[in-house]
Amino acid sequence: MTTQTIAPDAVQLDRAANAAQLPPSVRAGLADPLARIAVTTVTRDGGRRLDCYAVAGAGKQMAAVTPDAEGGAAVSFPVDSALAEALIVETLGLDQPLAPVDHRSELDIAALWALAAMADAHRQAELESLLARSPARQVALNEDSIYLRALDGATLPDPRWLSGMLTQIFGPGDVTEARLLAGLDVLARGGLIVRGKTGLWSPQPAFVTAFAHLELPLAAAVLSVDRRRAGGFDSASLVFLRSFAAVWVIDPRGPAGAPSAVRLSSVSAADARTLVHDAIALALKEPAAPPQAPKAAAAPRFCRQCGHPATAADRFCGQCGAALA
């Protein structure tokens with residue numbers, strides 16, 4: 001999980017529907033929380049967001065701020081942090097015994113968008129082949145069809161398609177033809193796809209299984225955790241993507257909200273639950289006290305009259321009896 005430092009910001013309590021009913025200590029804790037846990041889910045039926053804030057007792061007391069579509073929010077106190085974990089488990093179906101796909105890769109953002117567009121174009125070609133009742137075959141793709149799907153994903157954030165799901169998570173991608181070609185080249189150099197003699201693109205044989213498991217996204221969840229530290233908060237985020245028969249983790253690298261690269265890996269449902277649980281538990285762990293600077297040793301004292309050593313408690317010199325300053 002990638003970590004960076006951000007400055008703390010106050011919760012807009014004046015927009016909350018029932019903030020006035022909260023105890024003053026809770027309101028103060030919400031404005032300067034020990035930890036912040038945000039869960040955003042993306043599904044075909046619409047997304048949901050839940051923000052939990054540790055406000056007292058090293059995470060033992062938490063409040064939940066639930067934004068609404070009108071820009072307001074409702075505050076609930078106290079709540080259990082397990083609520084955030086349960087929302088991810090329920091949305092992604094992590095209670096099912098899903099096995100991991102043997103794949104992990106490091107991708108820049110251009111390559112991630114190119115991969116999503118290629119997966120969507122491949123799925124579109126398969127759907128058209130099915131409707132035309134033509135024999136099933138491995139479809140090779142031209143760059144025009146991939147580019148069209150990339151544009152669709154950037155302008156029509158339809159979560160039924162991988163590029164549309166990424167748009168819901170990261171916002172519209174910077175989709176240009178040059179950027180798409182650069183992303184395809186990165187995928188080719190990484191051994192994920194290959195360009196045939198005819199100029200058409202297709203997944204490499206070793207990547208076919210993983211590629212097929214990316215074509216049908218069902219839901220996604222973004223877990224963001226902020227934990228207080230000296231001078232600000234440590235911030236980390238994980239993106240979980242559930243496809244038809246696999247769970248993927250997209251670990252963003254770079255600035256929050258605008259990552260420059262990601263690590264894409266498939267995990268089992270049990271491992272995904274562990275990642276979620278551990279990230280939340282770490283956010284709520286009581287921060288270690290900052291190390292205290294060692295006390296400076298007292299400067300030695302000497303009698304100004306005879307130079308005999310003296311202690312800090314001495315009022316008169318033990319050698320000559322002179323008064324010590």
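Val-42 stands opposite Ala-220 of strand E9, and in strand E10 the bridge partner of Ala-220 is Leu-241. The model is predicted: local features need pLDDT of at least 70, side-chain atom pairs count only at pLDDT 80 or more, and totals for chains, interfaces and linings use all residues. Residues are numbered from 1 along each chain as its sequence is written, and side-chain values use heavy atoms, with hydrogens and water left out.

The strand pairings are listed below; two strands pair if DSSP finds at least two bridges between them. Strands (E, at least two residues) and helices (H or I, at least four) are DSSP runs numbered from the N terminus.

| Strands | Sense | Bridges |
|---|---|---|
| E2 (residues 35–43) and E9 (residues 217–229) | antiparallel | nine bridges |
| E9 and E10 (residues 232–243) | antiparallel | twelve bridges |

The hairpin of E9 and E10 has two residues between the strands, and Gly-231 there takes a positive phi near 90°.

Turning to the helices, the axes of H2 (residues 82–92) and H8 (residues 269–284) come within 10 Å and cross at roughly 160°. Axes are lines fitted to C-alpha atoms, for helices over the stretch in contact, with angles from 0 to 180 degrees between N-to-C directions. H2 and H8 are therefore roughly antiparallel to each other, a term for angles over 145 degrees. The contact (heavy atoms within 4.5 Å) involves Ala-84, Glu-85, Ile-88 and Val-89 of H2, together with Arg-273, Val-276, His-277 and Ile-280 of H8. By class, this contact of H2 with H8 comprises five nonpolar, one polar and two charged residues. Here Ala, Val, Leu, Ile, Met, Phe, Trp, Tyr, Cys and Pro count as nonpolar, Asp, Glu, Lys and Arg as charged, and the others, Gly among them, as polar.

Notes:
Parallel < 35°, antiparallel > 145°, perpendicular 65-115°, else oblique.
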